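Me: Hi! I'd like to talk through a structure with you before I set anything up. Could you take my questions as they come?

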Amino acid sequence: MTVKGFIKKMLTSACVYFSIVMLCYIIIAAVVNVSDDALLLEAGRTVLFFVFSLLVALANTVFSVKALSAKIRVLIHYFICAFAFYSCFMLPVSMRASGVLIGLVLFSVLYFAILGIGAAFKAKYRANTERAENYEKQYANKN
């Protein structure tokens, strides 16, 4: 993958993630602020959502690089996602250290649960596609 392709893939993914995050945020804000006529979105929070989207897109793009070993890709992906979660969601709220620790532990449990579920689906899909392939004889029968 070239540097240009890496950046293009990362920015495209970041825009998709940002759109999804903002849609969820707008829906939640609309449900919470039912009595207000106007829905006001904070600029600072919107910028943090974009930074979060960029960091997650960076993590996913690095995760898709097959030149790295699987363990290294998972570790890099985890640390970038944990940093994005901490810096964009927990740091602006000014939580206590115990709250930050609990938040990061919950994030880690959720991250590895999703990673495990994804790996299980991938292994099952791979097993099903291998079973579905037709067997072709490689050696002729010399009877």
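Me: How many residues does helix H1 have, and how far does it reach from its first C-alpha to its last?
Reply: Helix H1 covers residues 3–32, which is 30 residues, and it reaches 42 Å. That is close to the 44 Å expected at 1.5 Å a residue. Please keep in mind that this is a predicted model.

Me: Which residues of H1 are buried?
Reply: Met10, Ser13, Ala14, Val21, Met22, Tyr25 and Ala29 are buried in H1.

Me: And what do those buried residues pack against?
Reply: The buried residues of H1 pack against H2.

Me: Is Ala57 buried or exposed?
Reply: Ala57 has 0% relative accessibility, so it counts as buried.

Me: What radius of gyration does the chain have, next to a compact globule of 143 residues?
Reply: The chain has 21 Å, whereas a compact globule of 143 residues would be near 15 Å. Along the principal axes, the C-alpha atoms fill a box of roughly 85 × 35 × 35 Å.

Me: What share of the chain is buried?
Reply: Buried residues make up 22% of the 143 residues.

Me: What part of the contacts comes from residues 24 or more positions apart?
Reply: They account for 60% of the contacts with a separation of 6 or more.

Me: Now aromatics. How many aromatic pairs are there?
Reply: The count comes to 12 aromatic pairs. One of them is Phe49 with Phe89, a tilted pair at 5.9 Å centre to centre and 50° between the planes.

Me: Why does that pair tie together parts 40 residues apart in sequence?
Reply: Phe49 lies in helix H2 (residues 43–63) and Phe89 in helix H3 (residues 70–90), so the pair links those two stretches of the chain.

Me: Which residues form the aromatic cluster?
Reply: Tyr25, Phe49, Phe52, Tyr78, Phe79, Phe85, Phe89, Phe107, Tyr111 and Phe112 form one aromatic cluster.

Me: Where does the charged end of Arg73 sit?
Reply: It sits over the ring of Phe63, 5.5 Å from the ring centre. Arg73 is also among the buried residues of H3.

Me: How long is H3 itself?
Reply: H3 has 21 residues and reaches 28 Å from its first C-alpha to its last, close to the 30 Å expected at 1.5 Å a residue.

Me: What about Ser87, which residues does it touch?
Reply: Ser87 touches Leu48, Leu55 and Pro92, not counting residues up to four places away in sequence. Its place is in helix H3, where Ser87 is buried with a relative accessible area of 15%.

Me: Which backbone oxygen lies 2.8 Å from a polar atom of its side chain?
Reply: That is the backbone oxygen of Phe83.

Me: Last one: what is phi of Ser94 near?
Reply: Phi of Ser94 is near 55°, a positive value in a residue other than glycine. Most residues other than glycine have a negative phi. Ser94 is in the loop between H3 and helix H4 (97–132), and at 63% relative accessibility Ser94 counts as exposed.

Definitions and conventions. Residues numbered from 1 in each chain as written. Predicted model: local features only at pLDDT ≥ 70, side-chain atom pairs only at ≥ 80, totals over all residues. Heavy atoms only, no water. Phe/Tyr/Trp six-rings, centres within 6.5 Å; stacked < 30°, edge-to-face > 60°. Helix = DSSP H or I, 4+ residues; strand = E, 2+ residues; numbered from the N terminus. Lys NZ or Arg CZ within 6 Å of the ring centre and 35° of its normal. Buried < 20%, exposed > 50% of the residue type's maximum accessible area, 1.4 Å probe, protein only. Polar contact = N/O pair within 3.5 Å; in protein donor to acceptor, adjacent residues only side chain to side chain. Contact = heavy atoms within 4.5 Å. Expected span 1.5 Å × (residues − 1). Rg over C-alpha atoms; globule rule 2.2 N^0.38 Å.
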